[in-house]
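I opened the model and kept notes as I went. The entries follow the order in which I looked things up.

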Amino acid sequence: MSKRTKTTTQNKSKILKAIAWVLAVIALVMASITIGYLLGYDKASSEITKKEKIKEQNKLAVLQKKEQKSTLKKETVNTRLKEVLKKETAKKETKKKDILKVKSYGGASHEYAASSLAKPPERVKRKAKQISSNKPKLAIIIDDVSVKSQVNAIHSLGLNLTMSFLPPSAARPKSAKLASKEDFYMVHLPMEAQNYSAEEPNTLRITHSQSQISSRVQEIKKLFPKVRYINNHTGSKYTSSEIAMNRLIMALNANNISFIDSRTTAQTKVPKVMKNFGLKYVARDIFLDHHMDKPYIMSQIKRAIKIAKAEGIAIAIGHPHKNTILALYESKKLFKDVDLVLINKIY
């Protein structure tokens, strides 16, 4: 082989070796880059996964907190609701207890002691309707109020009722003190009956002089300073006497007290006496509990409402019997059609 050919072959060999080395270096570099990329990707992927996991854990923690707050709120609301319901139940139970604590006593029929007065005398019908643009007015007077259990039972009803207190006596020494705690009240003044065995102390009699009657009225005024209205307890004999009623109305006028006729007798002279004095005659329309069974009392409540609707006003009288209190409690919805007012708002 010639020297030139040998030299050319060697040169080619060197070139090939150089190319091989270059390719090897390139391959090595590419491999390093690839391995680095893969390692970096794995690391980055791991970091991303880690961050996503942390993010999910944070979200879960937030959700758990919200759920805990929501649960706590629900528990708080439920607790409060339970407390409210418990209080409402307690109030209802208290009302029932107040009603059940009312002491039994002689029935409303004591207002008509004589056998000829077995039924309440008829009311005086009003000549014309007195209905205004407002609801018809109904006043309910509760007579014979004298002890705390009765006052509590009446208050427990949450109704606008007028309490008429009996004057203090040995049997009910605190009646005036109980009345003093009320914003408004009446006095249920004992007056002579035609025939009544259980007469109250200091009952007004038709034989009493003007001085005696005036003295008694002043005594009542002293015991009950806020009194503006009086109605008669029994009194079938007293209200039948024009002379006796003249004396009483004169004494009441001097003390700025109005008289409301309970109408315990059909022979009452109160309308005539009031007319002579130039005063308006005011009397009850209905006795709620002349008979003390609850269905009868509820029927009387409906009758009182019917009169109020027909004539614009009505006055009913009841007593603090358990059945009367219960009947009033169960008749609350019936009063939606009338304006239940105190007696001073009836005219």
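**Entry 1: Glu-122 and its partners**

I started with Glu-122: beyond its neighbours within four places in sequence, Glu-122 is in contact (heavy atoms within 4.5 Å) with Arg-263 and Arg-303. The model is a predicted one, where local features need pLDDT of at least 70, side-chain atom pairs count only at pLDDT 80 or more, and totals for chains, interfaces and linings use all residues. I number residues from 1 along each chain as its sequence is written, and side-chain values use heavy atoms, with hydrogens and water left out.

Where does Glu-122 sit? I found Glu-122 in the loop between helix 1 and strand 1. I take helices (H or I, at least four residues) and strands (E, at least two) as DSSP runs, numbered from the N terminus. Is Glu-122 buried or exposed? Glu-122 counts as exposed, at 57% relative accessibility. My cut-offs: buried is under 20% relative accessible area, exposed is over 50%, and partly exposed lies in between (1.4 Å probe, protein chains only).

I also checked the distance from Glu-122 to Ala-266. The two are 144 residues apart in sequence, yet 7.0 Å apart in space, C-alpha to C-alpha.

**Entry 2: Positive phi**

I turned to Arg-263, one of the contacts of Glu-122. Arg-263 is not a glycine, but its phi is positive, near 55°. Arg-263 lies in the loop between strand 5 (258–260) and helix 6 (270–276). Arg-263 is buried, because its relative accessible area is 7%.

Thr-234 is another non-glycine residue with a positive phi, about 55°. I located Thr-234 in strand 4 (residues 229–234). Thr-234 is buried too, with a relative accessible area of 4%.

**Entry 3: Ser-146**

Which residues does Ser-146 touch, leaving aside its neighbours within four places in sequence? I listed Arg-172, Ser-175 and Leu-178. Ser-146 is in the loop between strand 1 (137–145) and helix 2 (148–156). Its relative accessibility is 7%, so Ser-146 counts as buried.

**Entry 4: Salt bridges**

My rule for a salt bridge is a side-chain nitrogen of Lys or Arg within 4 Å of a carboxyl oxygen of Asp or Glu. How many salt bridges does this rule give? The count is 10.

I noted Glu-242 with Lys-272, at 3.3 Å from N to O. This pair links distant parts of the chain: Glu-242 is in helix 5 (residues 242–254) and Lys-272 in helix 6, 30 residues apart. Glu-242 is partly exposed at 25% relative accessible area. Lys-272 is also partly exposed, at 46%.

Next came Asp-337 with Lys-309, again 3.3 Å from N to O. Asp-337 lies in the loop between helix 8 (322–330) and strand 8 (339–341), and Lys-309 in helix 7 (residues 294–311), so the pair ties together parts 28 residues apart in sequence. Asp-337 counts as partly exposed at 33%. Lys-309 is partly exposed at 39%.

Salt bridges that share partners join Glu-192, Glu-199, Arg-205 and Lys-237 into one network. Within that network, I looked up Glu-199 and Arg-205, whose side chains meet at 2.4 Å, N to O. Glu-199 is partly exposed at 34% relative accessibility. Arg-205 is partly exposed at 31%.

**Entry 5: Surface patches**

I counted patches from residues with over 30% relative accessible area and no salt bridge, joining like charges within 9 Å and nonpolar side chains (Val, Leu, Ile, Met, Phe, Trp, Tyr) within 5 Å. Lys and Arg count as positive, Asp and Glu as negative; His and the chain ends are not counted. A charge is placed at NZ of Lys, CZ of Arg, CG of Asp or CD of Glu. Accessible areas come from the Shrake-Rupley method with a 1.4 Å probe, and for residues only the protein chains shown count as cover.

Which residues form the positive patch? They are Lys-148, Lys-174, Lys-177 and Lys-181. Lys-177 is in helix 3 (residues 175–180). Lys-177 is exposed, at 55%.

The nonpolar patch consists of Ile-15, Leu-16, Ile-19, Val-22, Leu-23, Ile-26 and Met-30, with about 670 Å² of accessible area together. I placed Ile-19 in helix 1 (residues 3–100). Ile-19 counts as partly exposed, at 42% relative accessibility.

**Entry 6: Whole chain**

The protein chain has 8 helices and 8 strands. Of its 347 residues, 39% are buried.
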